[in-house]
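Please open the structure in your viewer and keep the selection tool at hand. The stops below say what to select next and what is there.

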Number of protein chains: 2
Amino acid sequence: MDIAHFLLTLIALFGAAKLFGELAERVGQPAVLGELVAGVVVGVSGFHLVDPHDTTIHLLAELGVILLLFLIGLETDLDKLLAVGVSAMSVAVVGVALPFLFGYLVGQSLGYSSIVSIFVGATLTATSVGITARVLSDLGHIHDPESQVILGAAVADDVIGLIILTVVSSLGAGRELSLWVISKVTLIAFGFVIVAIVLGGYLAPYLIRAIAKLRVGKALFFASIMFAFPLAYLAEAVGSAMIVGAFAAGLVLATVAVARFRSR
Amino acid sequence: MDIAHFLLTLIALFGAAKLFGELAERVGQPAVLGELVAGVVVGVSGFHLVDPHDTTIHLLAELGVILLLFLIGLETDLDKLLAVGVSAMSVAVVGVALPFLFGYLVGQSLGYSSIVSIFVGATLTATSVGITARVLSDLGHIHDPESQVILGAAVADDVIGLIILTVVSSLGAGRELSLWVISKVTLIAFGFVIVAIVLGGYLAPYLIRAIAKLRVGKALFFASIMFAFPLAYLAEAVGSAMIVGAFAAGLVLATVAVARFRSR
């Protein structure tokens with residue numbers, strides 16, 4: 001892709017997203033719903049204006065989700081999230097278990113093998129935490145207590161989804177599934193968030209103090225990026241998901257910033 | 001390049017740019033000077049952390065220059081720029097003619113052929129309008145009258161550079177050079193800026209009025225992008241440079257915004 005083509009692609013993406021986002025808002029829907037429609041219209045199912053398999057477009061899309069989850073993390077109050085922790089976790093577990101169970105049963109009733117039925121169930125468990133967060137944010141309800149439950153459940157869903165994905169793909173590859181493998185995946189998935197929040201909480205104040213001394217422009221923005229990107233990368237490296245790392249980074253930075261504000 | 005590699009590349013780029021930018025500011029230099037050094041350090045001449053030939057990195061770099069010139073255009077007052085037009089043009093012509101002449105003479109004195117000497121001269125004529133603008137901006141002098149002369153000269157240099165490039169590459173390809181070709185290239189290069197400013201000046205108020213009616217988030221930002229990117233694309237399409245189109249877009253939007261502010 002050359003730069004002229006890239007510019008045209010960006011014009012198509014921005015133009016369609018804002019046009020359909022505006023239409024969605026006018027009929028009382030969250031803008032993100034219109035943006036999803038915009039993606040269908042300009043993508044492979046519509047006018048083929050944007051090639052989603054292009055490396056650059058794909059990388060920018062992934063980067064967008066990472067930045068979105070980082071921003072959502074920044075807007076989330078860790079104390080409030082922990083306060084609704086049990087409710088959020090219950091929602092997450094039910095929200096994973098029921099779709100999985102029904103998917104599995106439908107597979108079985110249609111006469112598919114156990115392994116195919118398990119795959120059908122697994123595909124139905126995923127929740128898009130990004131879309132969930134954007135809907136709540138677009139509707140102006142992101143700070144409501146109910147939203148904390150939904151958001152917490154969506155993030156937990158994502159982590160549980162990773163575990164299921166690992167387990168199911170092990171089954172699919174014909175590998176024997178030990179309790180040890182499941183435990184390890186579970187431990188890493190949830191452990192990363194906890195370690196990131198605890199360790200990040202210790203490191204972030206030093207980062208913020210260092211930023212205050214910088215003279216270069218946009219220091220706060222770049223320092224935030226330099227905190228979020230490595231955490232997203234680490235999350236992926238240890239077997240969790242990038243968006244989980246980015247969300248944890250936002251959560252930590254917000255918590256530290258609030259603590260500093262209160263201590264003044 | 002996968003997303004993990006992309007994140008690491010961005011971390012290296014942002015980290016090095018801000019580190020060396022900060023160092024440059026501490027010794028009283030514009031940040032952009034440090035950022036140039038940072039590019040050498042992380043690039044192919046240094047630690048090979050960033051591959052400038054990667055498509056995505058290359059496209060983002062081009063996009064960055066387009067956005068920079070758009071921002072510089074926004075910060076430039078068209079009236080002030082026109083007021084120093086003759087001075088700026090004189091600076092630009094001398095700034096192109098002298099390097100070209102000396103390059104040519106050095107080539108001749110070293111015994112090279114006329115065509116090689118002309119190429120040597122041509123390579124010395126280019127001024128980076130991006131770097132010029134960032135230096136003035138970093139030093140906080142972008143609004144000084146002297147800066148308008150420097151900036152105007154840099155933009156004119158870029159346009160003259162395009163003409164020289166076309167002429168020299170025609171010579172290099174062994175094509176006969178007609179006065180008609182040179183006139184056409186010159187007309188397009190300068191004509192685009194004039195047409196963009198005049199036509200853009202008529203269209204921009206409608207754009208601004210339309211933005212005011214939008215409910216969707218970040219409407220002003222996206223509308224600006226939807227004005228700048230097509231103009232940059234058009235500039236390239238008619239044979240001028242993208243950065244010239246982006247600069248013209250910024251200039252027009254700024255002029256219209258100022259006019260509306262005054263008319264209240």
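Helices here are DSSP runs (H or I, at least four residues), numbered from the N terminus. This is a predicted model, in which local features need pLDDT of at least 70 and side-chain atom pairs count only at pLDDT 80 or more, while totals for chains, interfaces and linings use all residues. Residues are numbered from 1 along each chain as its sequence is written, chains are lettered from A in the order in which they are written, and side-chain values use heavy atoms, with hydrogens and water left out.

Begin in chain B by selecting Arg134(B) and Asp138(B), which are separated by about one helical turn because they are 4 residues apart in helix 7 (residues 129–138) of that chain. A salt bridge (a side-chain nitrogen of Lys or Arg within 4 Å of a carboxyl oxygen of Asp or Glu) joins Arg134(B) to Asp138(B), with the closest N and O atoms 3.1 Å apart. Asp138(B) is partly exposed at 24% relative accessibility, where buried means under 20% relative accessible area, exposed over 50% and partly exposed in between (1.4 Å probe, protein chains only).

Now move to chain A and select Arg134(A) and Asp138(A), whose side chains meet in a salt bridge of 3.1 Å, N to O. Salt bridges that share partners join Glu35(A), Arg134(A) and Asp138(A) into one network.

In helix 7 of chain A, select Val129(A) next; this residue is buried, at 4% relative accessibility. Not counting residues up to four places away in sequence, Val129(A) touches Leu69(A), Ala154(A), Val155(A), Asp158(A) and Ile243(A), a contact being heavy atoms within 4.5 Å.

For the last stop, display both chains and select helix 1 (residues 3–26) of chain A with helix 3 (residues 55–75) of chain B, whose axes come within 10 Å and cross at roughly 70°. The axes are lines fitted to C-alpha atoms, for helices over the stretch in contact, and the angles run from 0 to 180 degrees between N-to-C directions. The contact is made by Ile3(A), Phe6(A), Leu7(A) and Leu10(A) of helix 1 of chain A and by Leu59(B), Leu60(B), Glu62(B), Leu63(B) and Ile66(B) of helix 3 of chain B.

Widening the selection to the whole interface brings in 37 residues from chain A and 37 residues from chain B. How many salt bridges are there between chain A and chain B? The count between these two chains is 0.

Key. Helices (H or I, at least four residues) and strands (E, at least two) are DSSP runs, numbered from the N terminus.
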